[in-house]
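Colleague: I am new to this one. Could you walk me through how to read it?
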Amino acid sequence: MDLSTFYESIRQKISFNSKINFFNNHHEIAQSIDFLFSIGGDGTMLDTITLVRDSQIPVMGINLGRMGFLSSVQKEMIIPAVEEIVRGNFILNQRSLIQLQTPDLFGGLNFALNELTINKKDSSSMILIHVYVNNQFLNSYWADGLIIATPTGSTGYSLSCNGPIITPDSENFVITPIATHNLTVRPIVIPDNSLIRINVEGRENRFLVGLDSRSVTIDSSTELLISKADFKINLVKQSNDDFFATIRKKLKWGLDFRN
């Protein structure tokens, strides 16, 4: 369903006080939007980032999903949150992104807010991932895959693979193996000004590379060059937002009666 059809389906139930304009791509919003509201879950927010790109448009996430690390405003708090924006009572939380420098894989969408992932393409055997940081050899990972996460992405896929939680302003990347064959290989934190170089090999010649929710297939001849993106995303946060309070709430820390 396109946006105009969606509008026609709901306008019998919702009264709009002004003209509704539709946009479908980055070029249509880059010069005309003061704030953008992402209504859904964290996945919706990641899709929103592909529209905003480097325009610096502030984005507020309205959470209709489950966890909601990025979409932090609950639906019952929408009106108060909007009123606070009108009053100017908000903060802009700048989030760094990761960028794939290898050309022709993702076109203009060669960046991610959460993570870059490398996975085996199907249920085949493990793959071997050779990783270099600033041209220094880090490790060869025998694993199902590898995650390179931003601080924002440290509470996502990386966390589910036992990666550490990193505060949004920490200026780091986390390299986290997925189901590694060597149990002594652990996630490692590196500065986000590092250049990461990756080569992949395995019994199969085809592998998956993902940037957030988007993925492409590569073969073993493709070398991946990864760095921090040269722009950031502005997330609108309420002035009383607290990252540590958020992770305590979302991860249910402190519910033990001894606390």
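Predicted model: local features only at pLDDT ≥ 70, side-chain atom pairs only at ≥ 80, totals over all residues.

Colleague: What is the secondary structure of the protein?

Modeller: Count helices and strands. This protein has six helices and 15 strands.

Colleague: How does the radius of gyration agree with a compact globule?

Modeller: Set the value beside the one for a globule of that length. For 259 residues, a compact globule would come near 18 Å; the protein has 20 Å, which agrees. Along the principal axes, the C-alpha atoms fill a box of roughly 60 × 50 × 35 Å.

Colleague: What percentage of the residues count as buried?

Modeller: Buried here means under 20% relative accessible area. Of the 259 residues, 42% qualify. The accessible surface is about 14300 Å², with 49% belonging to carbon and sulfur atoms.

Colleague: Which residues touch the most other members of the largest nonpolar core?

Modeller: In soluble globular proteins, nonpolar side chains tend to be buried together. The largest core here has 28 residues, and those touching the most other members include Leu100, Leu116, Ile129 and Ile148. Strand S7, residues 127-133, gives the most to this core: four residues.

Colleague: What does leucine 100 touch?

Modeller: Leave out residues up to four places away in sequence. Among the rest, Leu100 touches Phe106, Asn110, Leu116, Val209 and Ile226. There is also a second, separate core of 16 residues, including Ile29, Ile57, Leu113 and Ala229.

Methods
Residues numbered from 1 in each chain as written. Heavy atoms only, no water. Helix = DSSP H or I, 4+ residues; strand = E, 2+ residues; numbered from the N terminus. Rg over C-alpha atoms; globule rule 2.2 N^0.38 Å. Buried < 20%, exposed > 50% of the residue type's maximum accessible area, 1.4 Å probe, protein only. Areas by Shrake-Rupley, 256 points an atom, 1.4 Å probe, with all protein chains shown as cover. Core = buried A, V, L, I, M, F, W, Y, C linked by side-chain atoms within 4.5 Å. Contact = heavy atoms within 4.5 Å.
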